[in-house]
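Okay, thanks for making time, everyone.

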Amino acid sequence: MFDRFIEKFADRYIKQRSELFDGISEEVLEKAESTECGFDLNSLLKVIRQNSVAPDIKRDNGEKPLAFKDIYRSDLGELLTTYYFEEKISEDRRFLIPIKNISYRERFDLPGRGFDTIGYRAEPDKVNVLIGEAKVSSQKENPPHVVDKNDDSIYMSQKSHHDNTGMVLQRLTDYLRRLPSNNHFLVIAGVVINMEKRNTDRYDITYGCGLVRDSQCVDETKDFGKMQSLSHEFEPGMIDFAIFSFTEKTIDETVELFYQKVKEMVQ
C-alpha cells in the first residue's frame, strides 16, 4: 500500500463514476454547442465529475461506517477485482468488462447490488462469461465469514448464480440493454439467446471471486473456504478466486486514504 496505489485507484474510481455512455453522438454534441442555449461540453464534463462521487457523511464526521454500508470499502474491492480480471492475469485468461458496476450503481449512497462484475472472453467455439463477486474483510478468522458463512457471502452468492439460470439470464439481459450497439453487444446478445435456449455448449461461466484482506490475516490454505472444498458444486463452470492483501496499512486505513484522495482529485 503506497501513495501511487492510492492515486491510481482514486483516478480509476472517478473515471468510472463519471463515465458517459459511449453511444452518445459526437454530432449531436457538436450541434448543441453551436446553438445559443449555452451548452458547453467541457463545462458539462466538469459538473459530472464533481458530482460523480458520494460524500461519506459518517467518515467526514470522524465516524466509522458500518461495513455493509461502506461504499468506499465495497467499491475499492470491486475496483481491485475488476483490475485483476481485466489486466493482471495472463492475457489468455483475461476478460473484457465493457461496463463497470461502479459506473451505474443503483443507489448513489450504497454499495452496488447484483453481480459485482460482468465480463466475457471470446473463445474459438464459445464465450466464457465472468460473474464476479468482491468482498472485503478485516476479520482474523480463516476463512472470514464473507467467504462462506454470511447470507451474502461469496459462496452463497455464487452458488445462487450457479443454481438459478433464470436469475442470471435476467441480469445479463438487463446488462445487455445498457450496452451500445457494438461488438460487446453482439457477444452478450449471443450468450443471452443461447442461455435462453439452454445451448450450454455455446458458453461457459467463470465464477470470479475477489477477497481483500489485511496481509497478517491471510491463510492461503484456508481462505478459499467452500469455494475450494465444494468446487465440484460449480461444475461445469470454473472458479477463479484471488486474494488481494494490503501490507503496511490496514484495510480501514487504506479505505480512508482512498476516500480522501478521491475527494481531493474530484475537484
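So, start with Ala-122: its opposite number is Val-127, over in strand 2. Keep in mind that this is a predicted model. Strand 1 and strand 2, the latter being residues 127–137, run antiparallel, with 6 bridges joining them.

Zooming out, what order do the strands come in? It's 1-2-3-4, an open sheet of 4 strands with mixed pairing. At the edges you've got strand 1, 117–122, and strand 4, 238–246, and each of those pairs on one side only. If you ignore direction, neighbouring strands here are turned by 25° against each other on average.

Now look for helix 5, residues 71–88. That one lies across strands 1, 2, 3 and 4, and its angle to strand 4 is about 120°.

Next, the packing. As a rule, in soluble globular proteins nonpolar side chains tend to be buried together. Here the largest nonpolar core has 33 residues, and among those with the most contacts inside it are Leu-172, Ile-188 and Phe-241. Elements giving two or more residues to this core include strand 1, strand 2 and strand 3, plus helix 8 (165–178) and helix 9 (183–196).

What does Phe-241 touch, leaving aside its neighbours within four places in sequence? Val-147, Ile-154, Cys-209, Leu-211, Asp-223, Phe-224 and Met-227. And Met-227 is itself on that most-contacts list for the core.

Methods
Residues numbered from 1 in each chain as written. Predicted model: local features only at pLDDT ≥ 70, side-chain atom pairs only at ≥ 80, totals over all residues. Heavy atoms only, no water. Pairing = 2+ DSSP bridges. Axes fitted to C-alpha atoms, helices over the stretch in contact; angles between N-to-C directions. Contact = heavy atoms within 4.5 Å. Core = buried A, V, L, I, M, F, W, Y, C linked by side-chain atoms within 4.5 Å. Buried < 20%, exposed > 50% of the residue type's maximum accessible area, 1.4 Å probe, protein only.
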